[in-house]
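Me: I would like to go through some labels given to a structure and set each one against its cut-off. Please begin with the cavities.

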Amino acid sequence: MEVQQRTGCRLHTSYLTPRLRWLRDTAPDTFAAARQWMSLGEYVYLQLLGVTAAGTSTAAWTGMLDRRTGRWDPELLAACGVPVERLSEIRDPDQPIRDVDQQVGRKWPALAGAVWFPVVADGFSSNVGAGARDQSIVAAAVATSGAMRVLVKKVPNNIPSGLWCYRVDGSRALLGGAVNDVGRAINWLTSTVQISPEAADLDGLLLAQPEQRTPLVLPYFTGERSTGWAADAQAVVAGVSAATTGPMLFRGTMESVAISYARIAEQLREVAGDARQIVASGRVTQDLPAWLQVLADVLGAPVAPVTMKRVTLRGTALIAWRSSHPALLAPIP
C-alpha cells in the first residue's frame, strides 16, 4: 500500500518494476546491455529528432513515478536495478522539446519550426478526447479491455486500494481502474459458446427485463485488475441448468462486466465525488449499444455514448493545442 500511495500504482505485473526485475534476474546479459529504457513513443522521437523526453503521464504509467514530486522513484529504480540516467527526462505536456536536431527541418521542410511536445499516455488523451477533461465527467473506455477514469485537480492525498492514479502534469492526475475482459469476454462467448451476433438479437436481449434464471458470472477470463488485482483469478459461471441457453449466458456475462465497472465507479466517488456526466467510448459501445443501458442501470446514472471516431487522437491534438496556446483559456470543446 505504501508504494501505491507514493506512485499511484500497485506492485503488479501491469507495471514496469516487476517486469524489469524479472528481466534482470532471468536474462542478466540482455538487461545489462540496455543503454536506455524508454516507451515506444520516446524511441520514435529519439530516432526522428535525435532527442527525447517522457511526458509526465507516460512516466506515471510505468508505475515508477513518485506522483507527488513528479520524479522517478529512487526506491523502485533500485529494486529493479535501473539507474535514473538510463531513463528519459520527465516533462509536463506544456514543456516542449526544443533541442531538436537541425537536420529534421532540412529533411522534412514541412516540419521546420514545428513544436514537439513530450509523449503522453493514451488514457490521458482518451479522457480529453471524450470530453472528460475535469472531475465532473467520468469516461468509460469499452473495448477489448476497459477502464473508468476521471481527471482530478492536484494529486489526491489518498488513493482507494482498487484504483490507480497517474500524475499527468503539475496540477492534475488521472484516477481510475481497469477491467481486463470486455470485448474479450464477448469474443469468448461468440467463439466458445457459439453465439452469433448476426443470428441473435443481442441488443434486444440486453434491453429485456431482468430474468431470475440468468446465470451469475465472474468475468475474469484473463485475471482481475481493478478492484481486486487478482492476476490469477479465473472466470466462474454459476446457476447453469439444462434450461440455460447461450443468450442467457451472454446476458449474465455482460451484466457482470457492467458490475465490474460499478465497483470502480464506487471507489472513484470516494475521491472525485458524484460526476455530472458519464461518457463511454470504444468499439463495444458501437457494436453493442444496448449494453450502455445495462451499464447505466448498474451505475444508477445515464451513460452517454461518444460517437466520434479516433477519440484518443483527438485528445492528443487537444492537449498539444492547449499546451501551445496557454493564453487561450477557453474550455476544450
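Me: How do you know which residues in the lining of the second largest cavity are nonpolar, polar or charged?
Reply: The rule goes by residue type: Ala, Val, Leu, Ile, Met, Phe, Trp, Tyr, Cys and Pro count as nonpolar, Asp, Glu, Lys and Arg as charged, and the others, Gly among them, as polar. The lining consists of R10, L11, H12, Y15, L16, T17, P18, T62, G63 and L76. It therefore divides into 5 nonpolar, 4 polar and 1 charged. This is a predicted model, in which local features need pLDDT of at least 70 and side-chain atom pairs count only at pLDDT 80 or more, while totals for chains, interfaces and linings use all residues. Residues are numbered from 1 along each chain as its sequence is written, and side-chain values use heavy atoms, with hydrogens and water left out.

Me: What makes R10 a lining residue of the second largest cavity?
Reply: A cavity is a set of points on a 1 Å grid over the protein atoms alone where a 1.4 Å probe fits but cannot get out, and lining residues have an atom within 4 Å of a point. R10 is listed in that lining, so R10 has such an atom. The volume of the second largest cavity is about 30 Å³, and the count of cavities of 30 Å³ or more comes to 2.

Me: Which residues line the largest cavity, and how do they divide by class?
Reply: Its lining includes A178, D181, Y220, R225 and S260. By class there are 4 nonpolar, 4 polar and 3 charged residues. The volume of the largest cavity is about 60 Å³.

Me: Why is the pair of W164 and Y166 called stacked?
Reply: Rings of Phe, Tyr and Trp (its six-membered ring) pair if their centres lie within 6.5 Å; planes under 30 degrees apart count as stacked, over 60 as edge-to-face and the rest as tilted. W164 and Y166 have 4.5 Å centre to centre and 0° between the planes, so the pair is stacked. Ring pairs also link Y15, W164 and Y166 into a cluster.

Methods
1 Å grid on protein atoms, 1.4 Å probe; cavity = no way out; pocket = protein on both sides within 12 Å on 5 of 7 lines; lining within 4 Å. Points joined across faces, edges and corners; volume = space filled by probe spheres on them.
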